Structures are given as C-alpha cells and as structure tokens.
Amino acid sequence: MSVGPHAGNGKITVPEILSRKHASPDSLSNSAKITCVTAYDYPSARLLDEAGVDVLLVGDSLAMTVLGYESTLPVTLEEMLHHTRAVRRGTRRALIVADMPYGTYHAELPEAVRNAMRFVKEAGAEAVKIEGGERRMELIARLVEAEVPVMGHVGLTPQSMHAMGGFRVQGKTPDAAEQVLRDARAVEAAGAFAIVLEGMPRELAAQITADLRIPTIGIGAGPDCDGQVLVLNDLIGLTFGASPKFARRYANVGEIISGAVREYCEDVRGGTFPSDAESYHMPKAASEGKKIRAVS
Ligand code: KIV
C-alpha cells in the first residue's frame, strides 16, 4: 500500500501535512498529494484508514448523507461529537478533522473556543474545520492559541447557503475571485494549517494554491490543489439522486446493499435461510432420547 511520505510511526500529524507543502511550495507533487475523505462512523473510519487515506474529515455533510436532512444546517454539536468519537475509535493512522457545525462558532468567541476544544478533549479530533475567510480571522487565531489546529474552508461554504442563494460555485468574476483569494490569505495569516477550497473555478484554485504556504485541499476546485477531498457517499455510490459534477463514483455500494438485502428477503421467504449449517445443534448425548420439556 502506498501511503505517501509521513512521520516515522506512520501517524499523520498536522506538522506532517504542513511539511509536505513546505517541501514543495508551489503545489504538491502527485505522490505527496493529500488524500481526504469524509468519515462518519466506526466502519467507514476503519476502512478509509486501512486504505491509506491521509485525513478523515468528520464533515457536517453527515447531516445530509447520514441523517437525511436537506442541508448541513440542522446538525448539532452533540451529534457531531457523537460521530467524531465513533470515527476516533476506528482510526489509527489518519489525521482526524472535525467540522464545527453551523451555530457553534458564529456568536460569541469564548463559546466557539469552548465548543472547538470539546472536539479535541471529548471526541479525539486532532483539528477542527471552520467555514469562512476574513470574518473568521480572530476566531482562527484564538483557536490556534488554544492549541486547536484549524483547517479553513473558503469558496462555496455550504453553511452560507442562504446568504449565497444556494450551493453556488464562487469566484467566477474577477471581483468575486479577488474576494476568495483574500479569504484564503486571511485564513492562512490567522494560523490555519490547511484550507479546503470548495466550488470554484480551477484557475482560481490553482492561483490560491501557488499563493499560499499552507496546503489547499480541493473539492469541485480542479486538479491543481495540494490535495483532494470527496464526500464518502459520493465516492462509493451511496447517494439518492444526482451527484455533483465534480464527484467521481468509484463503486456502487447502494446497488450492492439493495441487491444483498433483496436476496436475503427472498431466502427467508423461500425457506432457504437459515440452512442447517447456519443453525446451532444440541450436543449429541443431550438430544438423543430426551424430549425437551417446556419449563414454566
Ligand atoms: O462536510 C463536508 O463534507 C465538507 C467537505 C465537502 C469539504 O465540508
């Protein structure tokens, strides 16, 4: 298994992720690119970790992919902590980054810092991810000061869906692109160790990647970023409805699950499951000659 360059014991750490960019400032070579996938529970974390993914993101996308909401907005802090703990139990090597959900860092700074620290202290996250650029500078700096590593997230930020008028690609005009670049620079200046670039033209993501000294991790931002992130359900085909243009489906797990469960139902209804080989038996001596009497 090729897992790219990493710290001696194999554990991916925040400094290790940063050092990849410092070794190759313009943009990471293909073999050093950062791989990131969302993980939401113990089995997904184990499988992704064992497959060599560098960063497991406990994304607030779980509101939609796991909990069935229409957007990421309703998921709560307690729910995100619950899923992060499960991911922690399934992970040995990958870096765990937890998304701070909407409403947990938007009001008071001290409350936001306390909420972020809960991900580290109670759930085993090694960093948190926060959406927004210039307006998050103070918070990011406070978190870094409180020993909570921060991954930024600019461009299409799903928690801003109402302000943006939906899930819309950002930075398509020169002025809008300038703002996204300013946001990315602000996130870096505030002390984040990496940044997600979501839903923006490839050309803009390439420019930001060349401009920053922290690694960029793209989703719907083209191939020139220092790494890529995909939502697990898009990657494995466990979705309902159309997938976004940028998502590549590597498997059709939804179809595999449906097929398996349909077959199981047929076998139960046809009397072929369970078979004798799938049943327990009484020890020979106990079953021979003795009738089992009901005990009242
Ligand atoms: O919640 C999430 O899955 C994310 C990724 C899309 C980056 O934030």
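## Around the ligand

How far does a polar side-chain atom of Lys129 lie from an oxygen atom of the ligand? The distance is 2.8 Å, which counts as a polar contact (a pair of N or O atoms within 3.5 Å). Ser61 puts a polar side-chain atom 2.6 Å from a ligand oxygen, and Asp99 has one at 3.0 Å. On its own the ligand has 260 Å² of accessible area, and the protein covers 96% of it (Shrake-Rupley method, 1.4 Å probe).

The residues around the ligand (a heavy atom within 4 Å) are Thr38, Leu57, Gly59, Asp60, Ser61, Asp99, Lys129, His153, Glu198, Ile219 and Val231. That shell splits into 3 nonpolar, 4 polar and 4 charged residues; here Ala, Val, Leu, Ile, Met, Phe, Trp, Tyr, Cys and Pro are nonpolar, Asp, Glu, Lys and Arg are charged, and the others, Gly among them, are polar.

## Where the numbers come from

This is a predicted model, with local features needing pLDDT of at least 70 and side-chain atom pairs pLDDT 80 or more, while totals for chains, interfaces and linings use all residues. Residues are numbered from 1 along each chain as its sequence is written, and side-chain values use heavy atoms, leaving out hydrogens and water.

## The second largest pocket

The second largest pocket holds about 200 Å³ of space. A pocket here is an open set of points on a 1 Å grid over the protein atoms alone, with protein on both sides within 12 Å along at least five of seven lines; lining residues have an atom within 4 Å of a point. The volume is the space filled by probe spheres set on the points, which are joined across faces, edges and corners.

Its lining has 16 residues, with Arg135, Gly155, Met164, Gln179 and Asp183 nearest the centre. Strand E5 (150-155) and helix H8 (174-190) each give two or more residues, and H8 gives the most, with 4. Helices (H or I, at least four residues) and strands (E, at least two) are DSSP runs, numbered from the N terminus. By type, the lining divides into 4 nonpolar, 9 polar and 3 charged.

Asp54 sits in the loop between helix H2 (42-50) and strand E2 (55-58) and Arg20 in helix H1 (residues 14-23), so the pair ties together parts 34 residues apart in sequence.

Most residues other than glycine have a negative phi, and most peptide bonds are trans. Glu147, in the loop between helix H6 (137-145) and E5, has a positive phi of about 70 degrees. Phe273 and Pro274 are joined by a cis peptide bond, with omega about -5 degrees.

Conventions: Polar contact = N/O pair within 3.5 Å; in protein donor to acceptor, adjacent residues only side chain to side chain. 1 Å grid on protein atoms, 1.4 Å probe; cavity = no way out; pocket = protein on both sides within 12 Å on 5 of 7 lines; lining within 4 Å.
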